[in-house]
Amino acid sequence: MSTAGFPLVADLVVRATVLASEPSVSLPTTDVPTVVPPAAAILAVAVVLPFLSRKLGHALGVLATGGVSLWSLLAPAGAYLDVTFLGFDALLFNVDAFSRLMGVIFGLIGAAAVLYSYSSDASNRQTAFALGYVGTSVGSVFAGDWLTMVFFWELMAVTSTLLVWDYGGEAVRAGFRYAVYHGLGGSLLMAAIVWHYTEVGSFLFSASDGITAGIPAALAAVGIGVNVGFVGLHTWLPDTYPRPHVAASVFLSVYTTKTGVYGLARAFPDGNLAVAYMGAAMALVGVVYALLQNDMRRLLSYHIQSQVGYMVAGIGVGTALATAGAFAHVFNHILYKALLFMTAGVVISRTGKQSLKYLGGLGRALPVTALAFTAAALSISGFPGFNGFVSKGMITAAAHKEHLNGIFYILLAAGVGTFMSFIKFGYYAFLRESDSTWTIQRSVPGQRVAMVGVATLCVVLGLYPDALFALLPGSTADAHPFTLGHLGEGFLLAGLGVVGFALLKTPLSKIGNGIDVDIVIEPATFYGMRGLVRGITELFAAVDRAVVAAAMTALDAASDPYGAIRGPAIALLGDERDSLQYGGMRATIATSVLLVVIVLAATLVGLL
């Protein structure tokens, strides 16, 4: 597709990316940009930020994350840093099409999120945890081997948990659950990687085509599935993301799930049909639960699962177009999802309300926020002219081209549900008349700059997709977003979404949040753990009783040997008076000892 007529920024992106993708040799180790891991600058700022002023600390955070984005765009393809890590050959970072795209968007949205945090009165400590989270995520996606990736993967779980816990209150309980889920997921992924190493003999991505098939691949899929929100493993997501500070939710909405998508692409570079169908299920299940929510951030959290489902489906289909579409959707989703959490955060901080039930009429009170929300809502819904339309279309087209009609139609149905969800959000928050007369402070300049900047990118990449196509792994040769058929599909889904919301608005307002798998998982976990603890406790008590009884028996025998054998003798021979007395004479201990000596002497004589 031609790049003629691109805006200056878009043209710069294309030119820089084409230049960076030229074949090149690795730079000498004295060249700093290729020997210092890109995550190092972000992590360094995270360490010192609590000791700086808010303005200086957040300014450094913006520079560090923005610098990583620019570095990722301009770094030569094939740049790497090979090290010995824990005694194994490892690539601490490696620049290819996958890591480049992830680095660009991770750094870009990180800069916007830090600016938003500063403007939302986030503390230096919270932003330090957030930058630690960003830095470890960048470390994961630039890793050139499984060992380095899982090392940063686990640190990412730790830093994101600390970011949740920092807010206190309900976030602490949610953070514990978050930590348990990701601890289990990381353990399964580690087991898969160790098994893979025993089969391949190397942790390097280049040593094999994905993770070893069989049990290692299954373990990796489930372990990564925790991060991306596979159906049944997803409930940590809507439980955690609505709890912390509104600025923390912006960071959380970006990194964990998208790093998981990157991990799936590394594990299954040629696709996997089961993964593709799981992605389709995620897209539909997530959107159904999102429709039932009234808590704004909980609704957006379920939509993370739904939208990540499109990416997982693309990875599972595995063709060049599907892979390009999956990573295009990673890039686009990070933009509009972060923007949606920003707009929700402004509403929450200005009104003190989290539920759509208590909102309304905010379009006049918060016009910039309403405009930014509209751009993000149209983007996530896949309306023509916005970035989500392009990347969703690539994934559905790839599924249709491979005759995976089940996946194709499930994704289309999820698209209708997405339109309905954000019509609901926009209607209840910004459009309908409210009983409350809002006299609230508008968003502050830093929040507006962050929101408008991200919203502009959503529109630019929707109108000029070549700016993104130049960055994508896979192939965009079959990507034709502006054909009449695709445009008609987009408008049709939008129309169905409007009709669907009009028909279901009243029933939806009377239904609760829905019954998720927690209704089974939580009781099963509670009673299962209680039964396990009780069983172990009872077993320990039984062993303790047996040991005490044996010890007491031994002590009794030592203090009264005759008494120790008298009981068994009575049981075998009858009453003591019949068995140990004869002719009125009672056997004494001396007599018994004499008899035993005689018997032993006779036995020895017989043996000799």
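Helix axes are treated here as lines fitted to C-alpha atoms over the stretch in contact, and angles between N-to-C directions run from 0 to 180 degrees. The model is a predicted one, in which local features need pLDDT of at least 70 and side-chain atom pairs count only at pLDDT 80 or more, whereas totals for chains, interfaces and linings use all residues. Residues are numbered from 1 along each chain as its sequence is written, and side-chain values use heavy atoms, with hydrogens and water left out.

The protein chain has 26 helices and 4 strands, where helices (H or I, at least four residues) and strands (E, at least two) are DSSP runs numbered from the N terminus. Of its 608 residues, 51% are buried; buried stands for under 20% relative accessible area, exposed for over 50%, and partly exposed for what lies in between, with a 1.4 Å probe and protein chains only. Among contacts (heavy atoms within 4.5 Å) between residues at least 6 apart in sequence, 81% join residues at least 24 apart.

The helix pairs can be taken in turn. Helix α5 (residues 97-119) packs with helix α12 (residues 255-267) at an angle of about 175 degrees, and their axes are 12 Å apart. That angle makes α5 roughly antiparallel to α12, since angles over 145 degrees count as roughly antiparallel, those under 35 as roughly parallel, those from 65 to 115 as roughly perpendicular and the rest as oblique. The contact is formed by F98, S99, M102, F106, I109 and G110 on the α5 side, and by Y255, K258, T259, Y262, A265 and R266 on the α12 side. Sorted by class, the contact of α5 with α12 comprises 7 nonpolar, 3 polar and 2 charged residues, where Ala, Val, Leu, Ile, Met, Phe, Trp, Tyr, Cys and Pro count as nonpolar, Asp, Glu, Lys and Arg as charged, and the others, Gly among them, as polar.

Helix α6 takes part in two further pairings. The axes of α3 (residues 39-48) and α6 (residues 124-141) come within 8 Å and cross at roughly 165 degrees, which makes α3 roughly antiparallel to α6. This crossing of α3 and α6 is left-handed, a term used if the near helix is turned anticlockwise from the far one by less than a right angle, with right-handed used if clockwise. From α3, the residues A39, I42, L43, V45 and A46 meet A128, L131, G132, V134, G135, T136, V138 and G139 of α6; the residues of this contact divide into 9 nonpolar, 4 polar and no charged.

Helix α4 (residues 54-74) packs with α6 at an angle of about 10 degrees, their axes being 11 Å apart, and that makes α4 roughly parallel to α6. The crossing by which α4 passes α6 is left-handed. Here R54, H58, G61, T65 and V68 in α4 meet N124, T127, L131, V134 and V138 in α6, and by class the contact has 4 nonpolar, 5 polar and 1 charged residues.

Strands β1 (residues 80-85) and β2 (residues 88-94) pair in the antiparallel sense over 6 bridges, pairing being assigned if DSSP finds at least two bridges between two strands. Within this arrangement V83 stands opposite A90 in β2, and in the hairpin, which has 2 residues between the strands, L86 takes a positive phi near 55 degrees.

Positive phi values also occur in loops. D121, in the loop between α5 and α6, has a phi near 65 degrees although it is a residue other than glycine, and D121 is exposed, with a relative accessible area of 63%. H403, placed in the loop between α18 (387-401) and α19 (405-431), is likewise not a glycine and has a positive phi of about 60 degrees; at a relative accessible area of 66%, H403 is exposed.

Some helical residues complete the picture. A41 lies in α3 and, at 40% relative accessibility, counts as partly exposed; its C-alpha atom is separated by 8.6 Å from that of G67, 26 residues apart along the chain. T343, in helix α15 (residues 320-351), counts as buried at 1% relative accessibility, and, leaving aside residues up to four places away in sequence, T343 touches T369, A372, F373 and M451.
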